Amino acid sequence: MRRIVAALETAIAAEQDHLFLWVPILFGGGVALYFALSVEPTLAAVLPSAVVPAVLVILWRRGLASLIVGGVLLWLGLGLAAGKLASERAASPVIDRELRRVTVAGWVERTESRSAEEERITIRVARLEPLAAGQAPPLRVRIRVPVSKPPLEPGHAAAVVADLLPPAGPALPGAYDFARAAWFQRLGGVGYTRQQPVATEIGEPMPLTLRLWAPIERLRQSIGQRIRAALPGETGAIAAALVTGERGGISEATNAAYRDSGIFHILSISGLHMTVFAGALYFFVRLVLAFVPRLALRHQIKKWAAVVGLAGTTAYLMISGGSPPAIRSGIMIGVMFLAVLLDRPALALRNVAIAAMIVLVATPESVIDVGFQMSFAAVVALISGLEAWRDWRRAKALQGEPAPAGPVRSIAVFLSGIAVTTVIATAAVAPFAAYYFHKSTQYGLLANLVAIPICNVLVMPAALATLLAMPLGLEAGPLAAMGLGIEGMTWVAHRVATLPGAVTTLPEISTLAFGLMVGGGIWLALWHGRWRLAGLMPVMAGLALSPLRDAPDVLVAGNGALVAVRGADGRYAAIDTARSRFELGRWLEHDGDSRKPEEVGPGRAFKCDPTGCVASVRNRKVAVVRHASALGDDCRSADIVIWMGAGRPACRARLIARADLEHSGTHAIVVARDGSAAHRIETVRERRGDRPWAATVRLRGHRWSRGDDGLSTSRRAE
């Protein structure tokens, strides 16, 4: 045992320079542990998890191994405490039921175009009427409204009569939880109205943060309007998205084409855009300064260019709307420019680790955001690959092998660089795409080989030129060039997306398989010695476990209307799909089913009459009872009974009553396979646990069809 410990200490001592890279991993792991808890911990229970390891690190100094163990516990504990403190800091009122025709008055924080007829506004609430006595209004709400004429501007005081709902929970156990994301945005409700907002008087001063941010939002709105005026149609909408981050004007068909071709990341301002924008500005400034010999010979103009690049990146970040991916990329680029100012290597894993720590300390909840995970996974993999390539080049140089030169080789290196980086980034984010989105694009390499050079060489430099020329009213020329590039990228997206087998739908993979693949990938990327290859073992184990899943045989939506059972062909058949298409779409995605919700019906699996429906699943009878006259017979003959009426009647079968659904949300049932009656049932409420963003919601009246913000424009009477 001592020999093993000594060998480990020797190996770790050889990689002391890389130990810091594990700090954000451990800190983020502690935050993830907080979110994985089934019960909300108290501050008194969490804070010792950070204090006790710190004391141990100070007192227990018996070699490198003891320091490493203490350090691991310390950073995990600090992450756990940071997650709890972030949740406490975000705590604000959330409406607990559907509110119809309430008056929301406050200040407009943001407007987002959704279509030619509809936009989405975020309101910082000053008052909400009527509201139960003693109940505080939410801090902010998000409402879909008809397009206002004249348009609403951020900072304006407005009132609107709307129907509000609490932010929606998961569509099935383990699915994306919009309510959790809304909790950390301090978003206390979402809603919809057919009435236009009207100007109003609030009678109290505007919050300071909004007073400072509103002019920037108005500038974003103005820039977007000028871009769309110079570039009409969808090309202008994409140009506005690449500059201001506003993607509402892009049609779903175009979004789908970019997504299915593997270049959807181009439409979302993130690392690619921030890097090209900052890099173009940095090299342009440095080139201009190089034409002045007195400056170029006497001063370090690269540092001057880095300062300008940092300022330009900050300005672009603010104009782009400050989305989480853009903020993360901006921080990372800021760290790299700071490295240039300090004469340190800009592209280094240490800089990525510093940027990750800044993001995690400021917003610990980012660790559960798929954008955070995918962006840092891609960057870590790319820089790790770059460092490996540098080591290989250094070894070749020491052997005295000359590097060939020439224009043909330069072009080949450029294109092969795009291909290699695309392969590396795609491999790095593939587990995340499978785990969260259940899709795999087969021709992403082909699309990126064509679209990325267009974006890097033409589109983003033209976007920079547009912002520089706009104060002079000369943006038409750069926008014309930008439009040509966008049309080229869109053409590539549509052509690649229509190739046979462009998209493969994947079934849900287990958290264990996902964790093994990610953990193995981290091990491969962060170590430099030969023992890094040990990371291949968990990666292969994760791949082997990916096809193994205990998929639900029966799904019952929380609204009690939608029920799906697995048919003889292995795919879901469903009843009452018309008013629950969002939920059904999520169910199909998690099952790896490429069908659209409107293509799914009862088929041969269900037999229905006016009193309800019955289906057979693995030789077990499932009954959906809608009228009391059928309850007695179904309770005697069925194995699982779903009762849509009031109360909880006595029943021999496994009964799922309407009250259960309203209390616990969607039920996922795995039918017993061994002849017993012990069906395994998991609910949304059980999976979410007793957390502050998982309050019980009882809805009556309208059933709202949920979308990415918890609802869509359609409502149906119950």
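**Entry 1**

I began at V624, which stands opposite I642 in β15. The model is predicted: I take local features only at pLDDT of at least 70 and side-chain atom pairs only at pLDDT 80 or more, while totals for chains, interfaces and linings use all residues. Residues are numbered from 1 along each chain as its sequence is written, and side-chain values use heavy atoms, with hydrogens and water left out.

I then looked up how β14 and strand β15 (residues 640–643) are joined: they pair in the parallel sense over 4 bridges. Two strands pair if DSSP finds at least two bridges between them. The strands themselves (E, at least two residues) and the helices (H or I, at least four) are DSSP runs numbered from the N terminus.

On the β13 side, strand β14 (residues 620–625) is joined to β13 by 6 bridges, and the two run antiparallel. I found V617 opposite R620 in β14. Strand β13 (residues 612–617) in turn pairs with strand β12 (residues 606–609) in the antiparallel sense, over 4 bridges. Here F606 stands opposite A615 in β13. β12 and β13 form a hairpin with 2 residues between them.

Put together, 5 strands form an open sheet in the order β12-β13-β14-β15-β16, and the pairing is mixed. On average, neighbouring strands here are turned by 15° against each other, direction ignored.

**Entry 2: the turn between β13 and β14**

Which residue in the hairpin of β13 and β14 takes a positive phi near 50°? I found R618, in a hairpin that has 2 residues between the strands. N619 lies in the loop between β13 and β14, and its phi is near 65°, a positive value in a residue other than glycine. Most residues other than glycine have a negative phi, and most peptide bonds are trans.

Is N619 buried or exposed? It counts as exposed because its relative accessibility is 75%. I use buried for under 20% relative accessible area, exposed for over 50% and partly exposed in between, with a 1.4 Å probe and protein chains only.

**Entry 3: two other backbone spots**

H438 also has a positive phi, about 60°, although it is not a glycine. I placed H438 in the loop between α16 (407–437) and β7 (439–441). H438 counts as buried, because its relative accessibility is 1%.

I also looked up a cis peptide bond: it joins E129 and P130, with omega about -5°. P130 lies in the loop between β2 (118–129) and β3 (140–146).

**Entry 4: a second open sheet**

I traced 5 strands in the order β11-β10-β9-β17-β18, an open sheet with antiparallel pairing. β11 (572–575) and β18 (680–683) stand at its edges with a single partner strand each, so one side of each is left without a neighbour in the sheet. V565 stands opposite A573 in β11.

**Entry 5: two helix pairs**

How do α9 and α18 lie to each other? The axes of helix α9 (residues 252–261) and helix α18 (residues 476–497) come within 8 Å and cross at roughly 70°. Axes are lines fitted to C-alpha atoms, for helices over the stretch in contact, and angles run from 0 to 180 degrees between N-to-C directions. The two helices are therefore roughly perpendicular; that term covers 65 to 115 degrees, with under 35 roughly parallel, over 145 roughly antiparallel and the rest oblique.

I listed the contact (heavy atoms within 4.5 Å): among its residues are A253, Y258 and D260 of α9 and I486, M489 and H494 of α18.

For the next pair, the axes of helix α19 (residues 511–526) and helix α20 (residues 536–545) come within 7 Å and cross at roughly 155°. α19 and α20 are therefore roughly antiparallel to each other. Residues including L512, L516 and G520 in α19 meet residues including L536, V539 and L543 in α20.

**Entry 6: the chain overall**

I counted 24 helices and 20 strands in the protein chain. Of its 718 residues, 46% are buried. Among contacts between residues at least 6 apart in sequence, 67% join residues at least 24 apart.
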